[in-house]
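Here is a walk through one structure, taken a step at a time. Keep the sequence and the 3D view open as you read.

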Amino acid sequence: MKRNDIKPSEITPEAVFLNRRKLVAGAVAMGLLPGCGQPDATAAAIPDGGEFENVQPWPASTTETKSPWEVVTTHNNYYELGTGSYSIASRNADSLKTDPWSVEVTGEADRTGTYTLEDILQPHTLEERIYRLRCVERWSLVVPWVGFPMGDLLQRFEPRSGAKYVQFFTLADREQMPGLRNQVLEWPYREGLTIEEAMHPLTLAAVGVYGKVMPAQNGAPIRLVVPWKYGYKSIKSIVRINFTSEKPRIGDEQRSASGWTWMSSWNQYAGNEYGFYSNVNPNRPHPRWSQEVEQRLDGTGGLSVPVIDTQLFNGYADEVAHLYQGMDLIENH
Ligand SMILES: Nc1nc2c(c(=O)[nH]1)N[C@H]1C(S)=C(S)[C@@H](COP(=O)(O)O)O[C@H]1N2
Ligand SMILES: [Mo]
């Protein structure tokens, strides 16, 4: 049992400590953690050799042509690693140190604290999931991620009934991130989801691409992937997860409990351009461009980059449309 127990690497509040036996037992019962005596061949860890073993195929992966490794790892948006070109993040990748790494869990949950990356990954089974990724700028990729459902991780922190939203924070370290010198966005980069979106089985905690450890420019060591939303929701290099009861709104004078007025950096930057939901939607143009089509970066390059129709919810409507039933998707963009 011990080895499957998530261990706060810093001081644990006593109540949480005393509760742990019960909580872990509950997690085992819910199938979130493997039980005693089960083989741990699938237990996740970052491999020293850079290549994951025991990655399970995921039956619902898209069969569309994958964007080549070279494209996935050199055409990036990671503003903390630099701005001005899509290749700058990969060129500055070495400056980001991702080992050791820890994630702080705060807010409306029973098991808050600071967890090492090893603790975070250990009980999970890694899958390869091939998802479409649609950037709001109109380019798109098809990426074979390595990861596990984010909801399985969030459950382990025992969110309380007051946890209506989940907010994620990226590292913001000037020593390691040359892009922080530019005040393009208010750092740290933040993103938020409703608890239902965060718990949705398609929402991924990703630790790799193409069977390999996540390159820094793609958001090492652990990032979010929400395939039905514009790419900026898929926040990279997560150092904090905050469960909150309220979505801070644009214009709020009051700072949220987390100390930030806005849940999402892009929403804060320009709320009419980058809404809280940011679901991919060909019917809701960005104020400065249409969202009806996109360029699929499949490696062909140059003028032959295929232009394809953008799909509602990026093609994941069957899985996620129920989350937004009765909602005006233009107003709630
Ligand atoms: N911390 C952080 N996360 C981020 C970004 C960023 O600049 N900083 N860019 C976002 C945007 S705009 C996109 S399209 C995707 C791109 O992911 P990729 O580089 O792995 O394709 O990451 C998102 N996550
Ligand atoms: Mo993006």
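Helices of at least four residues and strands of at least two are DSSP runs, numbered from the N terminus. The model is a predicted one. In it, Asn54 has a positive phi of about 60°, although this residue is not a glycine. Most residues other than glycine have a negative phi, and most peptide bonds are trans.

Now look at the peptide bonds. Trp187 and Pro188 are joined by a cis bond, with omega about 0°. Pro188 sits in the loop between strand E6 (165–170) and strand E7. Another cis bond links Ala220 to Pro221, and there omega is about -5°. Pro221 belongs to the loop between strand E9 (212–213) and strand E10 (223–225).

Strand E2 (residues 102–107) and strand E3 run antiparallel and are joined by 4 bridges. Within this pair, Ser102 stands opposite Thr116 of E3.

Ligand 1 comes next. There are 19 residues around ligand 1, and Asn76, Tyr79, Glu80, Arg223 and Lys236 come nearest. Several side chains reach its polar atoms. For Asn76, a side-chain N or O atom lies 2.8 Å from an oxygen atom of ligand 1. For Arg223, a side-chain N or O atom is 2.7 Å from an oxygen atom of the ligand. Thr170 faces a nitrogen atom of ligand 1 instead, with a polar side-chain atom 2.9 Å away.

Now for the empty space. Rolling a probe the size of a water molecule over the atoms shows where empty space is left. The largest pocket holds about 420 Å³. It is lined by 28 residues, and Asn77, Tyr78, Tyr189, Gly231 and Tyr232 are the closest to its centre. Strand E5 (residues 139–149) gives the largest share of this lining, 4 residues. By class, the pocket lining has 16 nonpolar, 7 polar and 5 charged residues.

The largest cavity has a volume of about 130 Å³. Of its 15 lining residues, Tyr230, Ser278, Asn279, Arg284 and His333 are the closest to the centre. The lining of this cavity divides into 5 nonpolar, 8 polar and 2 charged residues.

The second largest cavity has a volume of about 40 Å³. Val103, Ile120, Met150, Leu153, Ile222, Ile238 and Ile241 line it. Helix H5 (150–156) and strand E11 (238–244) are the elements that give two or more residues to this lining. What classes of residue make up the lining of the second largest cavity? It has 7 nonpolar residues, no polar and no charged ones.

Notes
Residues numbered from 1 in each chain as written. Chains lettered and ligands numbered in written order. Predicted model: local features only at pLDDT ≥ 70, side-chain atom pairs only at ≥ 80, totals over all residues. Heavy atoms only, no water. 1 Å grid on protein atoms, 1.4 Å probe; cavity = no way out; pocket = protein on both sides within 12 Å on 5 of 7 lines; lining within 4 Å. Points joined across faces, edges and corners; volume = space filled by probe spheres on them. Nonpolar A, V, L, I, M, F, W, Y, C, P; charged D, E, K, R; others polar. Pairing = 2+ DSSP bridges. Near = heavy atom within 4 Å. Polar contact = N/O pair within 3.5 Å; in protein donor to acceptor, adjacent residues only side chain to side chain.
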